[in-house]
Amino acid sequence: MSATSPRTGARPSRRRAGLGRLAAGGALLTAVALLPWLSGNDPALTVLRARSADQDPSPAQLAAVREQLGLDKGPFAHLASWLSGLPRGDAGTSWVSGEAVLPQVTSAFAVSVTLMLGALVVTVAVAALLSARTLHLGSRRRLHRATGAIGIAVLAALPKFLLASLLATVCGVWLGWFPSSGWEGPASMVLPALALGIPSGAMIGGLLDQSLPAAFNEPWARTWHAHGFTPHQVARQALRRVVAGVLPQLLPTVVALVGGAVAVEKIFNIPGLGRLALDAAIAQDLPPLQTATLALILLGVAAGFLIHALRRALLGPALRDGALPALHAQALPRGRFTRWATPVCALALLALVTVGLFRDPLHVDTAARLLPPSAAHPLGSDALGRDLLARLGHGALRTLGTALAVTAVCTLTGLLLGMATQVGAGLTEVGSTMPAVLAGMLTTAVTGPSASGAALAVCLVGWTPYAAQTAALLEQERAGGHILASLSLGAGPGHLLRRHLLPAVLPPVVRNALLRLPTTVLVLASLGFLGLGEQPPTAEWGRLLSENQSYAELAPWTVLGPAGALVLLSVLALSGTDAVAVRSPASVRISRRPRHRAVQGDMAGRRVN
């Protein structure tokens, strides 16, 4: 973890990153090739049932399928045969349908990329709206209070599959504004793009809103304002500083919009790549599954190169020449409404959980099916007549405990791999291409559908946002003049790590982890929705959302309880990000920087521009 110039060792670093991409891509394709054999089920039996739905095939039929597909040769022979055909444009034929794989994957990939572009437009628009107030006030030196985090918390905590069902019902069926199913033209893209883009935009907008005050507090911003630069010029320069740090978060977002939108694709009946990969994984149809995985890997690597180039273009010569001041969070006082909202949300969540713990979550009363909220059932009852408040309370510890453990593991893994920048970049690009659903299929093949298998699946893919953020923050911190000054004074790697690198990297990563805590719950819920996570009758918040999603139109209270609990959790998590910013050593150093670093910051602002 040396703090050398960005030019030093650039070629070996790129070579190691390329090796990391090849190693990670090869490992992922190998794991996919092993899926039928890892599951412990006979691949011939699974394929035959997918072909004809025959539940009791004869041994002769199974032997014929094994001979036809060459299953006795093992997974590695199939992988080598599939790889050898790729240079000729031959990705094999489907084991189930017998059709060529490449046209299927190409068509599904085109649909998913089109949907991704529409969702990206929504993501950027939502992020811009959520950070507009901070950008407007900060560019005019009138930013004295932190913006309200309630709206960000509500939008970020919206489950995508629940939002998709709501949009399909209200805007598609009731109002008839847009198609509620199928993929027939641009109008079919509107509702799924909104369902995917609104929560993602809230996440990116929250990160921008947290970073902008630090940019406006830099010495160059004060100097520009004193010299009469227009607010538009100051805002544009602040955006360049902040967007460069947020851009790496777009890599997992882009891939998730392509391969991780399986639940939304199922609700809107969209023939996308994620749905194709899920159907192929369930049927253990290896050729389309391997081809879809390869397409996601190539997309992730291409997106990684593009994001890296955009970051360097935004930061300009300051990053190259080691004249980029570190961007540290500024602690701003919160508004009165936000200060009161945090304890109110905490008390409301605590009251819901406490009261629910004194009720029986497994008692079934068929005479009380789908009852609205009442004195006997404060949150109503589900389709089996079980009390929703009881299930919400008993599922709190399991939900929060699993989400906190998964978030901690992902954050630590991301920090370690992000600090290994020479190899971690390639691993992050390839790791972010793996949808949680595919990871869930791989872990379910070994562990079976369970909470631990779903948690392991999220850990396999959830570290990538933190690794990307860590690598970007380290690159910017190492480009600061104070690092070179410390080296010239004889500082060693340990001193740089303790005094400069970790204080600059750890607080933003922890804030990102807290902001993503409700998202972790939602990812676990998505796996449960697809039958890969927590199994009934376990009371778990994600499970409550997934099993009651089909009754949202008839009995909306069945999903309002767990969705409201996720919103309360999101508000508390965002309050935790404010506490991290206030107690961060980096935020304290802002007011104690020597005068030569302030001058250096003014020079860096000019060099970036």
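Guide: Helices (H or I, at least four residues) and strands (E, at least two) are DSSP runs, numbered from the N terminus. This is a predicted model, in which local features need pLDDT of at least 70 and side-chain atom pairs count only at pLDDT 80 or more, while totals for chains, interfaces and linings use all residues. Residues are numbered from 1 along each chain as its sequence is written, and side-chain values use heavy atoms, with hydrogens and water left out.

The part to look at is the loop between α17 (336-357) and α18 (388-419), where L370 lies. The phi of L370 is near 55°, a positive value in a residue other than glycine. Most residues other than glycine have a negative phi. With a relative accessible area of 15%, L370 is buried, a term that means under 20% relative accessible area, with exposed being over 50% and partly exposed in between (1.4 Å probe, protein chains only).

Moving on to helix α18, we find L389, which is also buried, at a relative accessible area of 3%. Leaving aside its neighbours within four places in sequence, L389 is in contact (heavy atoms within 4.5 Å) with L352, V355, G356, R359, P378 and L379. The C-alpha atoms of L389 and T354 are separated by 9.8 Å, although these two residues stand 35 residues apart along the chain.
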